[in-house]
Amino acid sequence: MKTTCKILLCMLLAALFVCLVPFEGLAAVQVPRDEKDTTAEQEKLPCRSAILMDAKTGQVLLEQNADEALPPASVTKIMTLLLVMEAIDGGGLTLTDTVTVSAHAASMGGSQVYLKEGEAMTVEEMLKCVVIASANDCAVALAEHVAGSEAEFVRRMNARAVALGMKNTNFENTNGLDDTAQNHVTSARDIAIMSRALIAHPTILKYSGIWMDTVRDGSFGLTNTNRLVRFYRGCTGLKTGSTARAGFCISATAERDGVSLIAVVMAADTRDIRNQTAAKLLDYGFANYGIFEAEGGELSRTVKGGIADTCALRYAPVAITLKKGEAARVRSRVELDDALKAPIEEGARVGRIVYELDGHEIGAVDVVATQSVEKIGFGTLFYRILAKMLLL
């Protein structure tokens with residue numbers, strides 16, 4: 001009897017231990033690659049707003065209150081970084097350019113690398129500081145260097161947001177500090193949209209995936225504010241943020257087996273909840289989705305009534321997000337007349353390549369002309385007929 005009581009007591013203590021020990025780390029939310037994870041889809045996530053997007057196709061895989069405008073804290077810097085990267089790719093800025101720090105930039109609080117007025121630092125060093133350490137002072141310094149003033153840079157941020165189709169965003173500064181901001185907001189969907197635009201610049205991932213680095217000739221250390229970079233397999237970045245008003249936010253990017261995902265979490269109560277929720281979203285995406293890809297190609301069609309007998313055509317490659325196992329059931333068909341009618345302009349849409357899953361259209365790409373074909377005139381037609389007659 002005593003032995004039985006001891007066994008029961010041990011089992012009870014073990015059960016209590018499992019219930020009381022707090023969750024730590026990210027391993028507990030990782031899902032085996034061969035196991036379907038539907039938990040994120042079924043449960044309400046422990047945050048105000050969230051979204052999971054396929055970075056390659058832009059398809060939304062899961063969302064929760066994704067269009068509410070909320071303070072984003074330092075996740076704001078995704079747009080700041082996007083404009084800086086576009087300035088670099090546009091030739092107006094280089095990584096080796098020197099940025100001189102203004103008094104305004106040096107006055108920033110919060111996360112910073114303690115820039116001094118008049119201090120000089122290269123664009124690349126400042127990018128590292130913003131991406132890895134979320135340096136507010138460097139974000140302002142870069143903005144002033146690119147646009148002349150932070151106010152002008154913020155105007156460009158909002159204009160770029162409109163151009164990207166971000167419908168619930170209004171920026172008031174470059175770094176997300178919101179102690180004096182009146183209406184500095186964005187949404188989870190809008191963050192995913194600008195994150196997707198930013199990671200289209202591969203250089204940014206060179207920095208966002210770094211766990212630790214240094215600047216100022218090795219004298220100042222940087223540690224990534226995004227712990228997923230170290231603890232989540234496949235994480236490539238991207239940006240964290242937190243303030244008393246915004247709570248804990250993140251846009252996390254990760255890639256496995258050719259699938260690239262963006263998980264956005266806004267207004268979580270703690271850093272650990274934010275990280276665990278982002279990891280859970282990514283796990284769900286990797287466990288349940290894959291990419292169907294088809295290469296582009298070239299075609300040719302005869303032309304009726306044209307100065308040329310044929311017209312060269314092309315169609316672009318396609319990428320479509322699908323549930324795992326569905327790609328093998330995708331079929332394609334060509335919607336294109338056997339003969340085209342002149343005139344045809346270069347770049348004109350003349351048909352489609354349609355992709356279907358179980359008989360339902362899931363995507364399509366246009367077939368376009370790669371050359372112009374003018375309509376044949378009476379003189380040209382008469383000359384051709386005469387030439388043929390003389391050859392008989």
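What percentage of the 392 residues in the chain is made up of buried residues? Buried residues account for 46% of the 392, where buried denotes under 20% relative accessible area, exposed over 50%, and partly exposed the range in between (1.4 Å probe, protein chains only).

## Basis of the model

This is a predicted model, in which local features need pLDDT of at least 70 and side-chain atom pairs count only at pLDDT 80 or more, while totals for chains, interfaces and linings use all residues. Residues are numbered from 1 along each chain as its sequence is written, and side-chain values use heavy atoms, with hydrogens and water left out.

## Overall architecture

The chain contains 12 helices and 17 strands; these are DSSP runs numbered from the N terminus, helices being H or I with at least four residues and strands being E with at least two. Among contacts between residues at least 6 apart in sequence, 64% join residues at least 24 apart, a contact meaning heavy atoms within 4.5 Å.

The chain exposes about 19600 Å², of which carbon and sulfur atoms supply 54%. Accessible areas come from the Shrake-Rupley method with a 1.4 Å probe, and for residues only the protein chains shown count as cover.

## Helix H5

Helix H5 spans residues 123-133 and is mostly covered, 9 of its 11 residues being buried. The buried residues are Val123, Met126, Leu127, Lys128, Cys129, Val130, Val131, Ile132 and Ala133. Just after H5, Ser134 adopts a positive phi of about 55 degrees.

## Backbone geometry

Most residues other than glycine have a negative phi, and most peptide bonds are trans. Two cis bonds may be described here. The peptide bond from Gly237 to Leu238 is cis, with omega near 25 degrees, and Leu238 belongs to strand S7 (residues 235-243). Ala342 and Pro343 are also joined by a cis peptide bond, with omega about 5 degrees; Pro343 sits in the loop between strand S15 (339-341) and strand S16 (349-357).

Positive phi values occur at Arg216, near 55 degrees, and at Ala267, near 60 degrees. Arg216 is located in the loop between strand S5 (212-215) and strand S6 (220-223), whereas Ala267 is in strand S9 (residues 259-268). The relative accessible area of Ala267 is 23%, so this residue is partly exposed.

## Salt bridges

The whole structure holds 17 salt bridges, each defined by a side-chain nitrogen of Lys or Arg within 4 Å of a carboxyl oxygen of Asp or Glu. Within helix H7 (residues 150-164), Arg156 and Glu152 are 4 residues apart, about one turn of the helix, and their side chains meet in a salt bridge of 3.0 Å, N to O. An α-helix has 3.6 residues a turn, so residues three or four places apart point the same way. Arg156 is partly exposed at 33% relative accessibility, and Glu152 is partly exposed at 22%.

Arg333 and Glu356 form a salt bridge of 2.8 Å, N to O. This pair links distant parts of the chain, with Arg333 in strand S14 (residues 330-335) and Glu356 in strand S16, 23 residues apart. Arg333 is partly exposed at 33%, while Glu356 is buried at 18%. Arg333 and Glu356 also belong to a network of salt bridges that includes Glu335, Arg352 and Glu361. Asp366 forms a salt bridge with Arg349, the closest N and O atoms being 2.9 Å apart. Here too distant parts of the chain are linked: Asp366 is in strand S17 (residues 360-369) and Arg349 in strand S16, 17 residues apart. Asp366 is partly exposed at 38%, and Arg349 is partly exposed at 49%.

## The largest pocket

The largest pocket has a volume of about 260 Å³. It is lined by 23 residues, the closest to its centre being Ser111, Thr225, Thr240, Gly241 and Ser242. Strand S7 and helix H11 (271-288) are the elements that give two or more residues to the lining, and the largest share, 5 residues, comes from S7. The lining divides into 4 nonpolar, 14 polar and 5 charged residues; Ala, Val, Leu, Ile, Met, Phe, Trp, Tyr, Cys and Pro count as nonpolar, Asp, Glu, Lys and Arg as charged, and the others, Gly among them, as polar.

On a 1 Å grid over the protein atoms alone, a pocket is an open set of points where a 1.4 Å probe fits, with protein on both sides within 12 Å along at least five of seven lines, and lining residues have an atom within 4 Å of a point. Grid points are joined across faces, edges and corners, and a volume is the space filled by probe spheres set on the points.
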